[in-house]
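This briefing goes through one protein model, taking its strands, pocket, cores and backbone details in turn. Please keep the sequence and the structure in view while reading.

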Amino acid sequence: MTPAGMRQYVPATAAIVAVAALSWLGLWQLERADEKERRERMFAERTGDAPILLNERLSPMPSRLDPDWWRYRRVEIAGEMLAARQYLLDNRTRNGVAGYQVHAPMRVTGLDRFVLVNRGWVEAGLRREQRPDVSLTSSETVISGVVEHPRQTPLLGDDGYSGSTWPKVVQRIDLEKTAQDLDHQVLPFVVLMDAALPHGFVREWTPHLGIGPERHRGYALQWFSLAAAVAVLWIVLKVRGARRH
């Protein structure tokens, strides 16, 4: 086939590739919407269950915990809060007000491990160096809450774990670095403390989805519309070209 003959297939090939790529993006957005809805249903179902007694369930400690199985499970834990080694998760806004989520390590009775307990949201001070009062009136306690996994958000700078002032202001929860700070093993999840319990702050827990299912479906519609527009444009150009010939 001559180069001139090959050139006549270039527009058709480009149109097919574009339609296929745009359609794939639309289908991917629909899959993301379905996944977010599945997470919402899972949160609603599992948070309504009776709490799992963590001290008994993990004794003896298994070699591995399935993160998908544990997500959103309600648990009850007996242990001792480590008030002197708390973390303030930065950039947590509520109703437009800057603040922190307060995470306290809890030594789980009988497991020789810590678990991070999210005590809720607290408003930040007027100055960055002014940290909120997150003291605890009692260290030994029994808490209940919902299991969640820390968000692994990308960072461009220091995550805050290198600081020496407590409570530490961190940009994300890193359980491996938390274990290094505590010089002890840490369970591979965080517990969102129930709102009715004392020793906490503002607690209004929902599954973190980022973009909701409806937004994903809106994006899918946009991608499918672009795919249809490319297909229609190619057909129109083909018909016009045929008429000229």
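The model is a predicted one, and the points below are grouped by topic.

- Strand 5 (113-123) pairs with strand 4 in the antiparallel sense, and 10 bridges connect the two.
- These two strands form a hairpin with four residues between them, and in the turn Gly110 has a positive phi of about 85 degrees.
- Strand 5 also runs parallel to strand 8, to which it is joined by four bridges.
- Val117 of strand 5 is the bridge partner of Ala104, and Val117 is also bridged to Val191 in strand 8.

**Val122 in strand 5**

- Val122, which lies in strand 5, has a relative accessibility of 12% and therefore counts as buried, the limit being under 20%.
- Leaving out residues up to four places away in sequence, Val122 touches Gly99, Tyr100, Val102, Pro132 and Phe201.
- Pro132 is 10 residues from Val122 along the chain, and the C-alpha atoms of the two are separated by 7.4 Å.

**The largest pocket**

- The largest pocket has a volume of about 840 Å³, and its lining is made up of 32 residues, of which Arg92, Gln101, Arg151, Thr206 and His208 lie nearest the centre.
- Two or more lining residues come from each of helix 2 (10-46), strand 4 (99-108), strand 5 and strand 8 (186-193), and strand 5 gives the most, with three residues.
- Sorted by class, the lining of this pocket holds 13 polar, 10 nonpolar and nine charged residues.

**Nonpolar cores**

- In soluble globular proteins, nonpolar side chains tend to be buried together.
- The largest nonpolar core in this model has 21 residues, and those with the most contacts inside it are Trp70, Ile77, Val115 and Phe189.
- At least two residues of this core are supplied by each of strand 2 (74-81), strand 4, strand 5, strand 6 (140-148) and strand 8, with the largest share, four residues, coming from strand 8.
- Another core, of 13 residues, lies apart from the largest one and has Tyr161, Leu175, Ala179 and Val186 among its members.

**Cis peptide bonds**

- Ser59 and Pro60 are joined by a cis peptide bond with omega at about 0 degrees, and Pro60 lies in the loop between helix 3 (54-57) and helix 4 (67-70).
- A cis peptide bond also runs from Trp166 to Pro167, with omega near -5 degrees, and Pro167 is placed in the loop between strand 6 and strand 7 (168-170).

- Tyr72, although not a glycine, has a positive phi of about 70 degrees; Tyr72 is found in the loop between helix 4 and strand 2, and at 1% relative accessibility it counts as buried.
- Asn95 is likewise not a glycine and has a positive phi of about 55 degrees; Asn95 sits in the loop between strand 3 (87-89) and strand 4, where, with a relative accessible area of 71%, it is exposed.

Methods:
Residues numbered from 1 in each chain as written. Predicted model: local features only at pLDDT ≥ 70, side-chain atom pairs only at ≥ 80, totals over all residues. Heavy atoms only, no water. 1 Å grid on protein atoms, 1.4 Å probe; cavity = no way out; pocket = protein on both sides within 12 Å on 5 of 7 lines; lining within 4 Å. Points joined across faces, edges and corners; volume = space filled by probe spheres on them. Nonpolar A, V, L, I, M, F, W, Y, C, P; charged D, E, K, R; others polar. Pairing = 2+ DSSP bridges. Core = buried A, V, L, I, M, F, W, Y, C linked by side-chain atoms within 4.5 Å. Buried < 20%, exposed > 50% of the residue type's maximum accessible area, 1.4 Å probe, protein only. Contact = heavy atoms within 4.5 Å.
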